[in-house]
Amino acid sequence: MDQEEEIKYFVRVRDTDLDGTKMALIALTGIKGIGRHAAKIITQQAEINPRAILGKMADDEIDRIRTAVDNYTSSVPTWMLNRPIDILSGKPRHLMASEVGLTLEEDINTMRKIRSYRGIRHETGQKVRGQRTKSTGRTGTTVGVSRKKA
């Protein structure tokens, strides 16, 4: 115990800073678009211990993780991807990191352009997925019930 391992507090994968003090399995979920199941598959493909602390890993292990994250789309069946059919290309994709937010904005703008029901609801700031709006989701100074004056 003379020499303690140097821990990297931040590990950069896919333009995201991951917490180096956490286990690899949990730290990978810090990337948008990667959940626990996807993180488990990535650690298996990279052939690393999912319970190992990410900041204490060697550089070659972290490089294997980066490679596994980049090759995730081609190594799993299409039903495990978060975008099985891309609207523009028609090919299966798995969105990660900044792609998630950009693609969501792009999809909403497309719905607005084609004037779909969902696009109009997004535009007007109303509930999109069929929730009730009579009593909930009120914004501004809307309060309670207005009664008829007798």
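User: What should I know about the model and the numbering before we start?
Analyst: It's predicted, so local features need pLDDT of at least 70 and side-chain atom pairs count only at pLDDT 80 or more, while totals for chains, interfaces and linings use all residues. Residues are numbered from 1 along each chain as its sequence is written, and side-chain values use heavy atoms, with hydrogens and water left out.

User: OK, α5. How many residues, and what's its reach from first C-alpha to last?
Analyst: Helix α5 covers residues 98-113, so 16 residues, and reaches 23 Å, close to the 22 Å expected at 1.5 Å a residue. Helices here are DSSP runs (H or I, at least four residues), numbered from the N terminus, and the expected span is 1.5 Å times one less than the number of residues.

User: Which α5 residues are buried?
Analyst: T103, D107, I108 and M111. Buried means under 20% relative accessible area and exposed over 50% (1.4 Å probe, protein chains only).

User: And which are exposed on the other side?
Analyst: L102 and K113.

User: What do the buried ones pack against?
Analyst: α6 (117-124).

User: Switching topic: why does I62 count as buried?
Analyst: Because its relative accessibility is 4%. I62 lies in helix α3, residues 59-70.

User: What is I62 in contact with, leaving aside neighbours within four places in sequence?
Analyst: K8, V11, L54 and M57, where contact means heavy atoms within 4.5 Å.

How values were computed: Helix = DSSP H or I, 4+ residues; strand = E, 2+ residues; numbered from the N terminus.
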